[in-house]
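Good morning, and thank you for coming.

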Amino acid sequence: MIHIDGSYGEGGGQVLRTSLSLAAITGEAIRIENIRAGRKKPGLAAQHLTAVRAAAAICQAQVRGDALRSMMLEFVPGSQVQAGHYTFDVSEARQGGSAGALTLVLQTILLPLALAADDSQVTLRGGTHVPFSPPLTYIQEVYLPIASRMGVQASVRLNAWGWYPQGGGEAVLRVTGGNTLEGINLLDRGALRQVRGVAVVTELPSHIPDRMAHRAENILRDANLQVNIKPQRERGIAPGAGIFLTAEYKNSLAGFSALGRQNLPAEKVAEMACEELLDFHEKVAPVDVHLADQLLLPSALASSTSQYRVAEISTHLTTNAWVIQQFGLAEINIDETEKIVAIAPLISSPDDRP
């Protein structure tokens, strides 16, 4: 059994998610202690508990410690990952419901299902665009297109938007199984082709997305960027608002977003997302801070080496690298001066894994 200290590094949910993904893929039993010890409310929240149950479902794992606020988890896979049709609802993990991010559940099971023998379809319910989690739009517009270059064949459709605190969103993930992952080389992003995006509301007046889109386009055009942002009113069970921008470079993609809240003007929401985008654009690196740690896992599972230059070396990145190395799957070197991440897989194919 591999023992993982959940308080290592940033001490958040990434330790749990990566450990679950790798346990399902490798068949290794794991014990995680001090889960999310670095958070204000430590232990398993609804989205983490749902990720545990999802990972357990796809590899018929025996689990101990799978309860809200638990800070210890034992997870013993009972089979190879089983492709199929699944439904996971974050709101079912807590009495009274939850807007916990369904994207965190998606991230946990995506690569195990991509490496399974057959195709899968997963219906996910919960928060789709909530604070402190990757918005589903980022998964659609940035992560999956980049991961497809590495051999991950998957798509996700957004059926209903789910904001904090109500949740109620739904997405359907389709994964083609039987993939062999290849390494990625992203050292030069090339020229910026355009910034595209959406300014979205549900259950709110149409002038709000119009104002977000208009303000963002003015800011980015003043910076001499090509930009196209669409204002949209969409389907959701409660009011919500946000803007989601994708910077499309010749060789890479990067994503930036901001969520609305009460007493925050629509124009300010747009300014927050644009500020992040322009800060990234000045740094010249091809990989944004969120993609930096998300690329580690497919790179470690690939059949060839990877290297990519990041805009920022975050504790998310260094923590995720540490977790992967506990499984002995790859050597990971992070050059803090050049901000280059290099991953050398130690096991060449899924058939070689324990």
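Two strands are said to pair if DSSP finds at least two bridges between them. Helices (H or I, at least four residues) and strands (E, at least two) are DSSP runs, numbered from the N terminus. Strands of a sheet pair through backbone hydrogen bonds, either parallel or antiparallel.

Please note that this is a predicted model, in which local features need pLDDT of at least 70, side-chain atom pairs count only at pLDDT 80 or more, and totals for chains, interfaces and linings use all residues. Residues are numbered from 1 along each chain as its sequence is written, and side-chain values use heavy atoms, with hydrogens and water left out.

Let us take an open sheet of four strands, whose order is S9-S14-S16-S15 and whose pairing is mixed. Its edge strands are S9 (185–186) and S15 (330–335), each of which pairs on one side only. S9 and S14 (residues 306–309) are parallel and share two bridges; asparagine 185 stands opposite glutamine 307 in S14. Helix H9 (residues 315–326) packs on this sheet, touching S14, S15 and S16 (340–345). Touching, or contact, means heavy atoms within 4.5 Å. The direction of H9 makes about 160° with that of S15, where axes are lines fitted to C-alpha atoms, for helices over the stretch in contact, and angles run from 0 to 180 degrees between N-to-C directions.

A further open sheet of four strands has the order S5-S6-S8-S7, again with mixed pairing. Strands S5 (85–89) and S7 (154–160) stand at its edges with a single partner each, so one side of each is left without a neighbour in the sheet. On average, neighbouring strands here are turned by 15° against each other, direction ignored. S6 (residues 120–126) and S8 (residues 169–175) run antiparallel and are joined by seven bridges, with valine 122 opposite leucine 173 in S8. Helix H4 (residues 136–148) packs on the sheet and touches S7 and S8.

Finally, consider one side chain's surroundings. Is glutamate 217 buried or exposed? Glutamate 217, found in helix H5 (residues 207–222), is buried, because its relative accessible area is 15%; buried means under 20%, exposed over 50%, and partly exposed in between (1.4 Å probe, protein chains only). Not counting residues up to four places away in sequence, glutamate 217 touches Val227, Asn228 and Ile229.

Thank you for your attention.
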